[in-house]
Amino acid sequence: MMRGVVLILVAVSASAVAPRFEPVQQPSLIVAGTLVNAFADYDGDGDPDMFVGSAGTVNRLYRNDNGTFTDVAADVGLADARPTRGAAWGDFDADGDPDLLVGFAPGAGSVLRLLRNDRGKFSDVTTQAALVVSAGAVRQPAWLDVDGDGDLDLFVAFRDRADALFRNDKGTFTDIAHAVGLADARKSVGAVWFDFDEDGDLDAYVAHMDGDANALYRNEGARFVDVAEGAALAWGGRAPGARDNGTVRPCAADVNGDGRFDLFAANYGPNGLFLNQGGGRFDDVSAAWGIALDSRYDTCAFADFDHDGHLDLYVNGTVTGGTSYRDHLFRNTGAAFEDVTPDGVRELQADHGAQWVDIDLDGDADLALTGAGQEPMPLLFRNLLASADAARAVHVRVVDDRRHATRAGAEVRIYSAGTRRLLGSRLVDTGSGYDAQNDTPVHVGVPSGSRVDIEVTFPARGRRIVSSKRNVDPGASRRPIVIAVGR
């Protein structure tokens, strides 16, 4: 079914705002056979641009000009026709603009391609960066400063070979996964990096398919150690050892508003939700929160789409075994998730990458999807939250001390000004949505229009470095608030 309808989400309670979404009806944005979407402001004009990876036609780069999108991939050097399975933006050379890592399906040439952004044009620097990989089923790439030395390293999850961790040494990359204990040969498909034990470094929760257990890699400095079994996270809510089950995409988000980052697993099998109790302990609340639906899912994407102060959740169904499984939009009530998926979404063919991005800079989170099937569908859906409600938000971009590369894994917390009353916590994510990624400012809806304090914590080399900005007026500017965090 064509996604050319306004998506009206019926509120479950009288106090809830009934949000609406409408597809962006530009002909070039209604396509079929896409698997990957990744957002960044590649041209530095202040709005998010969208890279779309194709399943077999041609890749696209949509330049965003005040909400109008133009495909410029052929003009800037990104119009590859090779099937694409992953992409991630990151300023690997620290020159102030985002570069792009593209992951291809196996075929002629390297399955990784590194494209350096030179003032809006892209140059292939894969060979000189030593990132040529001749074979491998690429899934989730992620840029992050894993060793705390100030530059962006690259993690790549592979479905058919050991995962890779490429250390960045002045623009040249070396795979150190074997040396540090991350060369996991299980069937990896997704990963999320965050400081789960709050000890001052980035850890990784890695999702595995086909009955393989997930891994929770605790960063111990020189080595990573898998502690998933002890943390009760090895199976992510699915049946242990079931070969037709697997976790596709893990997401870290502060679901219950206590300031800690919880874990959600989008599964083949029942979904899993694990609340972070601190001290490295997680409690399985999947059933209690109404999220343990048994189906086939491969994307999770969190955002407060209605600005009520709670993180809501979009989970996409997938296409497998000739069946298209449905998507879900869940509203977070503060104690459970309620399915508020409209009829128009229930009837759709499955999609793939899912992202929440403020594409029109009006303050609220819009929805970006990909169409994995053969039926054309819109790639972007504008959130029609009332303008006064949409403006009640802050957007925060966390960067390094040179104000260049994004600090993936940084924690952003918003407090009522002059207090420690927490209004929201967000993670600077390394990739949400299956094979998808988002290098845009974090978005926090603020339930009231009062001023806020912003606190950013970045884990690096055994320290949790804190920067802050006080007495911020939500909605005073559509430009993101930039906070730099040093080493």
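A disulfide is defined here as a pair of cysteine sulfur atoms within 2.5 Å. The structure is a predicted model, in which local features require pLDDT of at least 70 and side-chain atom pairs count only at pLDDT 80 or more, whereas totals for chains, interfaces and linings use all residues. Residues are numbered from 1 along each chain as its sequence is written, and side-chain values use heavy atoms, with hydrogens and water left out.

A search of the whole structure finds 1 disulfide, which joins Cys 251 to Cys 300 with an S to S distance of 2.2 Å. The torsion about the S-S bond of Cys 251 and Cys 300 is about 100°, so the disulfide is right-handed. Cys 251 lies in strand E20 (residues 246–253) and Cys 300 in strand E24 (residues 294–303), so the pair ties together parts 49 residues apart in sequence; strands (E) are DSSP runs of at least two residues, numbered from the N terminus. Both cysteines are buried, that is, under 20% relative accessible area with a 1.4 Å probe, protein chains only.

The largest nonpolar core comprises 21 residues; such a core is a set of buried Ala, Val, Leu, Ile, Met, Phe, Trp, Tyr and Cys residues joined through side-chain atoms within 4.5 Å. Strands E34 (393–399), E35 (411–416), E38 (442–445), E39 (452–460), E40 (463–472) and E41 (481–484) each supply at least two residues of this core, and the largest share, 5 residues, comes from E39. Apart from this core lies another, of 20 residues, among them Ala 88, Leu 101, Trp 143 and Phe 173.

Notes
Buried < 20%, exposed > 50% of the residue type's maximum accessible area, 1.4 Å probe, protein only. Helix = DSSP H or I, 4+ residues; strand = E, 2+ residues; numbered from the N terminus.
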